[in-house]
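Dear colleague,

I am passing on the structure that we spoke about, and below it you will find my notes on what turned up in it. Please read them with the model open beside you.

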Amino acid sequence: MVTLDGVAGLFAGGPANVPWTRALEGLGDVEAARVPVGLPHSVAQVAAHVRFWQDWLLELSAGGTPGWPDHAADGWPEPGDWTDLRAALLDGQDRLQVLARDAAFTAGHTPGGQSWATLLSNFAGHGVYHLGQVVLIRQALGLWPPPGGGDTW
């Protein structure tokens with residue numbers, strides 16, 4: 001059986017970009033909630049969206065039956081407390097990395113018949129897409145690079 005080591009790494013951020021931990025580093029409640037002029041979301045809103053879908057996938061992978069939102073806007077919940085949101089987002093990514101590295105799991109299928117490998121790959125790509133948004137938002141707010149450094153090009 002094959003594991004998805006490369007996909008697992010994308011849940012952390014990926015080899016070609018900063019990890020989520022670095023992208024969120026140094027942001028307090030106020031900075032995370034700021035929406036830059038000309039952009040539609042704050043870092044906290046993007047993080048809440050990614051967390052929403054991570055939680056959805058984790059519930060499905062645990063045998064649950066999470067409902068599918070009626071509208072795209074339903075997948076953009078209010079962020080709530082920034083410290084809690086950040087911790088939950090990073091915890092969910094750790095849990096998804098474990099699933100992606102589980103050969104028995106990735107060889108299986110969802111109750112709907114889709115392969116777990118495909119679904120994990122799609123969700124990893126979704127997260128990296130939004131990670132790029134986080135970097136752009138921080139750049140627009142003049143909060144990039146983060147304290148620990150990051151790509152600046």
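This is a predicted model: local features need pLDDT of at least 70, side-chain atom pairs count only at pLDDT 80 or more; totals for chains, interfaces and linings use all residues.

Residues are numbered from 1 along each chain as its sequence is written, and side-chain values use heavy atoms, with hydrogens and water left out.

**Overall form**

The protein chain holds seven helices and zero strands. The radius of gyration (taken over C-alpha atoms, with a globule rule of 2.2 Å times the number of residues to the power 0.38) is 16 Å for the protein chain, which agrees with the value near 15 Å that a compact globule of 153 residues would have. The C-alpha trace spans about 45 × 35 × 25 Å along its principal axes. Accessible areas come from the Shrake-Rupley method with a 1.4 Å probe, and for residues only the protein chains shown count as cover; the accessible surface of the protein chain comes to about 7,800 Å², of which 56% belongs to carbon and sulfur atoms. Taking buried as under 20% relative accessible area, exposed as over 50% and partly exposed as in between (1.4 Å probe, protein chains only), buried residues make up 39% of the 153 residues. Where contact means heavy atoms within 4.5 Å, 73% of the contacts between residues at least 6 apart in sequence join residues at least 24 apart.

**The two cores**

A nonpolar core is here a set of buried Ala, Val, Leu, Ile, Met, Phe, Trp, Tyr and Cys residues joined through side-chain atoms within 4.5 Å. The largest one has 22 residues, and those with the most contacts inside it are Trp 20, Leu 24, Val 43, Trp 82, Leu 85, Leu 89 and Val 134. At least two residues of this core come from each of α2 (20-24), α4 (43-61), α5 (82-100) and α7 (116-140), and the largest share, six residues, is that of α4. A second, separate core of 18 residues includes Trp 53, Leu 60, Phe 105 and Leu 120.

**Helices α4 and α5**

Helix α4, with 19 residues, reaches 27 Å from its first C-alpha to its last, close to the 27 Å expected at 1.5 Å a residue, and α5, which also has 19 residues, likewise reaches 27 Å, close to its expected 27 Å. The buried residues of α5, among them Trp 82, Leu 85, Leu 89 and Leu 96, pack against α1, α2, α3 (29-33), α4, α6 and α7. Leaving aside neighbours within four places in sequence, Leu 89 is in contact with Trp 20, Leu 24, Ala 47, Val 50, Arg 51 and Gln 54. Arg 51, which lies in α4, is partly exposed at a relative accessible area of 30%, and with the residues up to four places away not counted, Arg 51 touches Leu 85, Ala 88 and Leu 89. Just after α4, Gly 63 takes a positive phi of about 95°.

**Helix α1**

In α1 (residues 5-12), the buried residues are Val 7, Ala 8 and Phe 11. They lie on the same side of α1, because they cover an arc of only 105° around the axis, the arc being that of the directions from the helix axis to the C-beta atoms. Their cover includes α2, α5 and α7. Gly 13, which follows α1, has a positive phi near 145°.

**Around α7**

In the loop between α6 (103-106) and α7, Thr 110 is buried, with a relative accessible area of 9%. Not counting residues up to four places away in sequence, Thr 110 touches Leu 60, Trp 116 and Leu 119. Gly 125, within α7, counts as partly exposed at 38% relative accessibility. In the segment after α7 lies Pro 145, which is joined to Trp 144 by a cis peptide bond with omega of about 5°. Most residues other than glycine have a negative phi, and most peptide bonds are trans.

With best wishes

Notes: Helices (H or I, at least four residues) and strands (E, at least two) are DSSP runs, numbered from the N terminus. The expected span of a helix is 1.5 Å times one less than its number of residues.
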